[in-house]
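Here is a short note on the charged side-chain pairs. Please read it with the structure open.

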Amino acid sequence: MGDVRLMKGNEVIAEAAIRCGCDGYFGYPITPQSEIMETLMIRKPEDETGMVVLQAESEVAAINMVYGGASCGKKVMTSSSSPGISLKAEGITYLAGAELPALIVNIVRGGPGLGTIQPAQSDYFQAVKGGGHGDYKLIVLAPASVQEMNDFVDLGFELSFKYLNPAMILSDGVIGQMMEKVELSDYKPRWTDEEIEKISGSWATNGKKAGGERNISTSLDLDSAKQEVFNHKLQAKYRAMEENDVRFEKIACDDADYLFVAYGSSARICQKSVELAREKGIKVGLLRPITLFPYPTKQIQEMLGQVKGILSVEMSAGQMVEDVRLAVEGKVPVEHFGRYGGIIPTPEEVVEALEEKILGK
Amino acid sequence: MTEEIIIAGFGGQGVLSMGKILAYSGIMQDQEVSWMPSYGPEMRGGTANVTVILSDDRISSPVLKKFDTAIILNQQSMDKFEADIKPGGTLLYDPNGITRHPERKDINIFKIPGAALAAEMGNPKTFNMIILGGFLNVKPIVKVENVKKGLEKSLPERHHKLIPLNIEAIQKGIDSVENVQVL
């Protein structure tokens, strides 16, 4: 076994960043994710791997530092919680528009506005449907354990460089603040200048080569015809993500009559609800989307011949449930159950909601 | 084996660190563990609680409503969590400051005078380890040697000289549990 520790999800994000060869972190503190930058500051990776860690003067500055680093082909990241992500939204759509790879971590808290510092999943729309302006998509990963907080940092960078598109880890205060056993990844060295040239030389703005063309990092094109062609290219990229990089997990689905669909911390709660419901003789399974974009639409559709009803469980007033309904197209009843504003549902409450809303008891 | 535990008391009593040491001990014997604190704008003297789960299998929800064991260290926590123990489950509490003793008839109840023993040892900081010892008497789910290994792994080197005192406190706790109601 590798390096096994007991760590908070937030601390693990920081540790995983250092170990995966991240070049720079730019952030601004906000609860409940402050341990990410705090851990990085304590670890001082600049001494160890050369990774830069900087507390910017604001969220807007931090995301634009990310844009700068990403433009040079560097592995760069930022993190925040809901209100801070709203401030970063402009920079995020610019990254998507300039086709730049970067990792953004959102440890969601209850909103709207400044809201509460307690956990929520009410930023699903913001992460998956937009947040910033324009027709763009983020690759959105939803970890459900501290181990996945470790694993998805590396995966997020991998996917964002594969598609030249920003990736987001969408988590919340439950996974961020809790400690679990985690096996940390082995160290990967940061890319050398030669490696960056090989991987990203065709677009990274690292200085014009003699006889070559300038690389320009921009999301601006005033020629509408060209902008439409560019938009077609983006859409083709999003379709390729849907084709190749949907990730999900099925739990107790083989004999299920009913289905929970839940991601992140809600999926953990639903795992317990599956156990409790089955003790009562209700055969329910759980489909856990791991990528929220691209969404496991097909995988939900594959369950339709088998299940009689679906309960979408989220810590929001009902956001992901819209994507479940789009997948189901009215073929079986789909209901939503959620607690929000920082309240975490109990596994028992979820079972009661299943009985009331789906089984009609 | 899965053991779902809530530890609840005042901030400053070492509730969270006791949970952490218990979780680390679980890792030392190759178990899955989770440690979920109540977090918020809390301060010294406020209430603090943590849900700790040790299991031989993958852990489902880190957030729970019903517990196998509740370790209760103040009156507010008694009022809040006594009802949340599973029938046949276990309540361990320190009677110090408790004005309303537990009333459930369908659970096992044990007392440990942690605050008094810590004062006797001349070090109030040993309180949470005495309580942990009490828990290990009632539910020997982790071995004391694994607690020691957990302390070695979780404490910075400069604090390792305190490990023998902590082990002594755990032993004192193991030896000082009083049965109140055993089903």
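1. Start with Asp3(A). Its relative accessibility is 26%, so Asp3(A) counts as partly exposed. Keep in mind that this is a predicted model.

2. The partner of Asp3(A) is Arg5(A). The two form a salt bridge, with the closest N and O atoms 3.1 Å apart. Arg5(A) is also partly exposed, with a relative accessible area of 26%.

3. This pair belongs to a network of salt bridges. The linked residues are Asp3(A), Arg5(A), Glu15(A), Arg19(A), Arg43(A) and Glu48(A).

4. Look next at Glu355(A) and Lys280(A). Their side chains meet in a salt bridge, 3.2 Å from N to O. Glu355(A) sits in helix α14 (residues 347–358) of chain A. Lys280(A) sits in the loop between α11 (264–279) and β11 (284–289) of chain A. The pair therefore ties together parts that are 75 residues apart in sequence.

5. Are these two partners buried or exposed? Glu355(A) has 15% relative accessibility, so Glu355(A) counts as buried. Lys280(A) is exposed, with a relative accessible area of 51%. The cut-offs explain the labels: buried means under 20%, exposed means over 50%.

6. The side chains of Arg104(B) and Asp106(B) meet in a salt bridge, 2.7 Å from N to O. Arg104(B) counts as buried, at 15% relative accessibility. Asp106(B) is partly exposed, with a relative accessible area of 31%.

7. How many salt bridges are there over all chains? The count comes to 36.

Technical notes: Residues are numbered from 1 along each chain as its sequence is written. Chains are lettered from A and ligands numbered from 1 in the order in which they are written. This is a predicted model: local features need pLDDT of at least 70, side-chain atom pairs count only at pLDDT 80 or more; totals for chains, interfaces and linings use all residues. Side-chain values use heavy atoms; hydrogens and water are left out. A salt bridge is a side-chain nitrogen of Lys or Arg within 4 Å of a carboxyl oxygen of Asp or Glu. Buried means under 20% relative accessible area, exposed over 50%, partly exposed in between (1.4 Å probe, protein chains only). Helices (H or I, at least four residues) and strands (E, at least two) are DSSP runs, numbered from the N terminus.
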